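Subject: The structure we talked about

Hi,

Here is the structure I promised to pass on. Have a look around it first, then read my notes below.

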Amino acid sequence: MTKVKDSIIASTMAKPEPTKPALSLKRKTFGLCLACSAWVGLLPWVFLESQRSDFGLFDLSIQAITGLLLIIPLASWLCSVLITGSIRTDLFALTQIAKSFSEGQYSHRFKSTGVAEIDQLSKSLNDMATLVDERDRYIRRTAYKDQLTGLHNRAYLIFTLRERISHAKEPLSLATWSIDNLENINEVLGYDFADQVLKTAAKKAQRIAKNSLVSARLEGNVFSILLPRSIFDRISKTIDLRRLLIGELKISGHFLDLECHAGIAHFPEHGENPESLLRRAEIARQIAKKTHNPMVVFEEAFEQRSTKRLALIGELKKAIVQNEFELYLQPKMSVRSGKVTQAEVLIRWRHPERGMIQPNAFIPLAEQTGLIKNITLWLFEQVYAITPDFNSGNVQLSVNISALDLEDNTLLKWVERKHKYQPQIAGNITIEVTESSTMRDPDQACELLQGFANMGFKIAIDDFGSGYSSLAYLKRFPVTELKIDRSLVQGIDIDSDARVILQSTIEMGHVMGLLVTAEGVETDAEYQLIHELGADFLQGYWLSKPLPMQTFKEAYLFEPYDHTTQPA
Ligand code: C2E
Ligand code: CA
Ligand code: CA
C-alpha cells in the first residue's frame with residue numbers, strides 16, 4: 001500500500017515528458033508584451049517620418065497614431081481575455097476530471113492544451129489516475145475474494161450492485177441461497193468434508209449461473225448470485241436453478257442430498273440500493289426455509305411481518321421489566337366429583353398500545369429469542385406469591401414451562417433457593433411440559449424434572465397425542481399426570497374411531513398409574529363421553545374459558561359450586 005502511495009507522489013512530482021513543445025504562460029505573456037512594445041516603438045518613427053515628408057504624411061501619421069492609440073489597449077485587452085478564457089476552460093475541464101477521479105471513474109484522461117503549466121498538472125493527474133486504477137483492480141482481485149471457494153465475497157457483491165444500480169440502470173435479480181443441512185454434514189462427516197461441500201456447491205452455482213455478474217459467498221453456508229433480469233427469467237423457467245437448490249452433490253465418491261433454499265429480490269421493484277435489495281432477498285430466503293419452498297421471491301407483506309416481529313421482540317424485552325404480563329386461570333374439574341379443584345395458569349400480555357396479546361402470538365417468539373426463560377422466572381415468582389391464597393380455597397395450580405427451561409438448570413436453581421424458605425408450595429404445584437420439549441436432550445430433561453419432583457412438584461405431560469407420542473418413552477420421566485390434547489378430544493361424539501383412540505389413551509394412562517385430564521372439552525356431548533370413558537379431570541370451554549385472576553377468585557375460591565349441574 002505504501003509503495004503504491006509513494007509511486008503516486010513520485011508520479012505527481014515527475015517532470016513532463018517533452019512531447020509537443022508547449023508554450024509556457026510566461027512565454028505567452030512575454031510575446032504579447034513584445035508585440036505591444038513593437039507597436040509603441042513604431043510611433044516615434046512614424047512621427048519623425050511625417051515631419052520630413054513632403055507629401056502630407058503628417059496628416060496620415062496623426063490618423064495612424066490616433067488609430068494605434070485606440071487599437072493597442074483594445075488588442076491588449078482582447079489578448080488577456082483570450083488567454084485567461086482559455087486557461088479558465090482548461091482548468092475547469094481539469095477540475096471536472098479530478099472530480100470524476102474522486103468518484104472512482106479513472107477512465108478519463110486530460111488531453112494536451114499547449115500550455116506547459118496546465119499540461120504538467122494534467123499529466124500528473126493522469127499518472128495518478130492510472131496508478132489508483134491499478135491499485136483498485138488489485139484490491140478488488142484480492143480483498144473481494146472468499147478464500148475457501150474462490151467466489152467473491154459480500155463486500156464485492158455490494159460494490160458491484162452499487163455500480164450497476166448507479167450506472168447501468170438495467171433490471172437485475174439478486175438471489176441468496178443457503179445450504180441448510182450443512183450443520184448436520186459438519187456434525188456427521190466433519191469440517192473437512194463440509195468444506196468440500198461448500199467448494200463443490202460453489203462450482204456448481206458458477207456453472208449453472210455462468211452468465212452471472214457476481215457469484216459470492218456471503219457467510220458460512222449462504223451464497224449469492226447477481227444476474228441481469230433477462231438471464232434470471234431464462235434460468236428460472238428451466239430446471240437449472242432448481243437443480244442447484246434440490247439436486248445432489250457427488251463428493252469423494254459419495255452422493256449427498258443438499259437442502260437448499262433461495263430468496264430472490266428484483267431491482268428496481270424491491271429496493272433501490274444494495275443494502276435493501278440484499279436484506280429483502282434474505283427475508284425471502286428465510287421465508288423459503290420456513291415454508292420448505294426451494295425458492296421464494298420477495299413480497300412487501302414479508303417485510304411487514306418481519307418488521308412487526310422485530311418490533312415485538314424489542315417490546316417483549318421491555319414488557320418483562322415493565323410488568324406488562326398478567327395471569328389468567330382456567331379451571332380444571334374433577335370428573336368424578338364435579339368440583340373445581342385445580343386451575344392452569346396461563347399468561348397474557350397487556351400491551352400498552354396493542355391491547356391484550358394472547359400467548360400463541362408471543363410465546364413462540366419468546367422461545368426463539370430465549371426471553372422465555374425470564375418469562376418463566378417471572379411466572380414462578382407470581383405463582384409462589386398466589387399459591388397460599390389458592391390453597392386456602394382448595395385449588396391447586398399448574399404452570400407451563402418451555403423446552404428452553406429444560407436446557408439448563410437456571411430455573412431449577414432459582415426454585416431450589418425459593419424452596420428453602422417456602423417448602424410447602426411445591427406440593428401444590430404441577431409443572432406442565434410437552435413431550436417434544438423433553439426430546440431435545442432427554443437425559444438432561446429427566447435429571448431436571450427429577451430435581452423438581454424431589455422437592456415435591458408434580459409433573460404433567462401436556463398436549464399428549466398432538467405429535468409423536470409414546471407412553472413407553474415417557475415412563476422414564478417422573479410424570480404424575482397426562483393431559484390429552486384437545487385434538488384427541490374434540491368430535492369424539494361423532495367420530496367412533498376418535499372415541500376408541502381416546503378410550504385406549506385414557507386406559508393406558510391409568511395402567512401407567514397416571515392421572516388423566518381431557519383438554520378442550522367444549523360440548524355437553526363431549527362432557528358426557530369423557531365422563532363415561534373415565535378421565536379424572538377435564539378442562540375446556542364447556543367448563544370455562546381462562547379467566548382474569550380476580551374473576552377466577554370470585555367464581556371458584558370464595559363460592560365453589562358444582563359444575564355438573566351448572567356448566568359455565
Ligand atoms: P396449553 O398449555 O395447551 O393451554 C391451553 C390452551 O388451550 C389455552 O390457550 C386455553 O385457552 C386453550 N383452551 C382451553 N380450553 C379450550 C377449549 O375448550 N377450546 C379451545 N379451542 N381452546 C381451549 P392459551 O391460554 O391461548 O394458551 C395457549 C398456549 O400458550 C398454551 O397451551 C401454552 O402452551 C402456552 N402458554 C400459555 N401460558 C404460558 C406460560 O405461562 N408459559 C409458557 N411457557 N407457555 C404458556
Ligand atoms: Ca398447558
Ligand atoms: Ca395443553
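How many aromatic pairs does the count come to? The count comes to 15, where rings of Phe, Tyr and Trp (its six-membered ring) pair if their centres lie within 6.5 Å, and planes under 30 degrees apart count as stacked, over 60 as edge-to-face and the rest as tilted.

Before going on, some ground rules: this is a predicted model, in which local features need pLDDT of at least 70 and side-chain atom pairs count only at pLDDT 80 or more, while totals for chains, interfaces and linings use all residues. Residues are numbered from 1 along each chain as its sequence is written, chains are lettered from A and ligands numbered from 1 in the order in which they are written, and side-chain values use heavy atoms, leaving out hydrogens and water.

**Rings**

One stacked pair is Tyr 527 with Trp 542, at 4.1 Å centre to centre and 10° between the planes. Tyr 527 is in helix α20 and Trp 542 in the loop between β17 (537–538) and β18 (547–548), so this pair ties together parts 15 residues apart in sequence. (Helices, H or I with at least four residues, and strands, E with at least two, are DSSP runs numbered from the N terminus.) Both residues are buried, meaning under 20% relative accessible area; exposed is over 50% and partly exposed is in between (1.4 Å probe, protein chains only).

**Calcium**

The calcium ion (ligand 3) is coordinated by Asp 462, Asp 463 and Glu 519, at 2.3 to 2.5 Å. Donors are N, O and S atoms within 2.8 Å of the metal (3.2 Å for Na, K and Ca), and since water is not among the atoms, sites may look incomplete. Asp 462 also bridges to the calcium ion (ligand 2), and the two ions lie 3.9 Å apart.

**Salt bridges**

A search of the whole structure turns up 22 salt bridges, each a side-chain nitrogen of Lys or Arg within 4 Å of a carboxyl oxygen of Asp or Glu. Lys 483 lies in strand β15 and Glu 519 in the loop between β16 and α20, so the pair ties together parts 36 residues apart in sequence. Lys 483 is buried at 0% relative accessibility, and Glu 519 is buried at 10%. Shared partners join Glu 344, Glu 432, Lys 483 and Glu 519 into one network.

Cheers
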